[in-house]
Amino acid sequence: MAEAVTNNTNALPVRLMFQDEARFGRLSDPRRCWAPWPFRPLVRKALIREYVYAYAAVTPDDGHLEWMIADSMDTLTMNVFLRQIAKRHADEFVVMVLDGAPSHRSQKLEIPQNMVLVRLPPYSPELNPAERLWEELREKEFANKVFDSLEAAIVQLALGMWRLESSPPALQSLTGWQWILESS
């Protein structure tokens with residue numbers, strides 16, 4: 001955690017979070033996998049274009065994760081997510097680092113009082129450790145799986161998010177880059 005920020009007459013501790021969102025669904029993700037010789041693994045494939053969106057904000061310093069699954073990725077949904085984080089961290093001042101997606105730049109974006117948004121430079125996903133969450137989920141929860149319904153994919157996504165949320169040390173290892181930890 002960083003130093004306290006004064007908000008009116010109250011000093012609040014600062015929480016540095018990195019936010020991102022990603023699309024998950026029924027379009028399968030075939031990947032290489034291991035099988036004993038001489039067997040050849042068979043992997044089913046699905047080309048069904050049904051999706052949901054995962055929103056996530058991670059604190060690399062302590063491995064804390066906030067997340068939400070939504071039907072769309074737009075300004076209204078981003079407002080819901082920001083309010084969710086502001087409410088859960090009402091006793092902290094949240095510095096939220098995010099990319100320049102249209103829903104993050106909209107005039108209709110409602111930024112809570114205990115939060116400030118810091119936008120990353122364009123085309124720089126390598127600066128956002130929240131991006132690492134999506135590859136982890138795709139590799140561990142979605143690779144070589146075919147879902148019979150969108151609801152089954154949502155359940156798998158929620159299980160993966162809960163797995164990440166319940167392991168702060170793993171999240172610290174995944175997202176705690178040296179330059180971030182030294183600045184917080």
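Here are a few friendly notes on the structure above.

1. This is a predicted model, in which local features need pLDDT of at least 70 and side-chain atom pairs count only at pLDDT 80 or more, while totals for chains, interfaces and linings use all residues. Residues are numbered from 1 along each chain as its sequence is written, and side-chain values use heavy atoms, leaving out hydrogens and water.

2. Let's begin with the overall layout. The chain has six helices and six strands, where helices (H or I, at least four residues) and strands (E, at least two) are DSSP runs numbered from the N terminus. Along the sequence, their pattern is β-β-β-β-α-β-α-β-α-α-α-α.

3. Of the 184 residues in the chain, 43% are buried. Buried means under 20% relative accessible area, exposed over 50%, and partly exposed in between (1.4 Å probe, protein chains only).

4. Now look at strand 3 (residues 51-59). Eight of its nine residues are buried, so strand 3 is largely enclosed by the rest of the structure. Strand 3 runs antiparallel to strand 4 (residues 64-70), and seven bridges join them; two strands pair if DSSP finds at least two bridges between them. Tyr53, for instance, has Ala70 in strand 4 as its bridge partner. Four residues lie between the strands of this hairpin, where Gly63 takes a positive phi near 75 degrees.

5. Which helix holds Trp162? Trp162 sits in helix 4 (residues 150-165). Trp162 counts as partly exposed because its relative accessibility is 47%.
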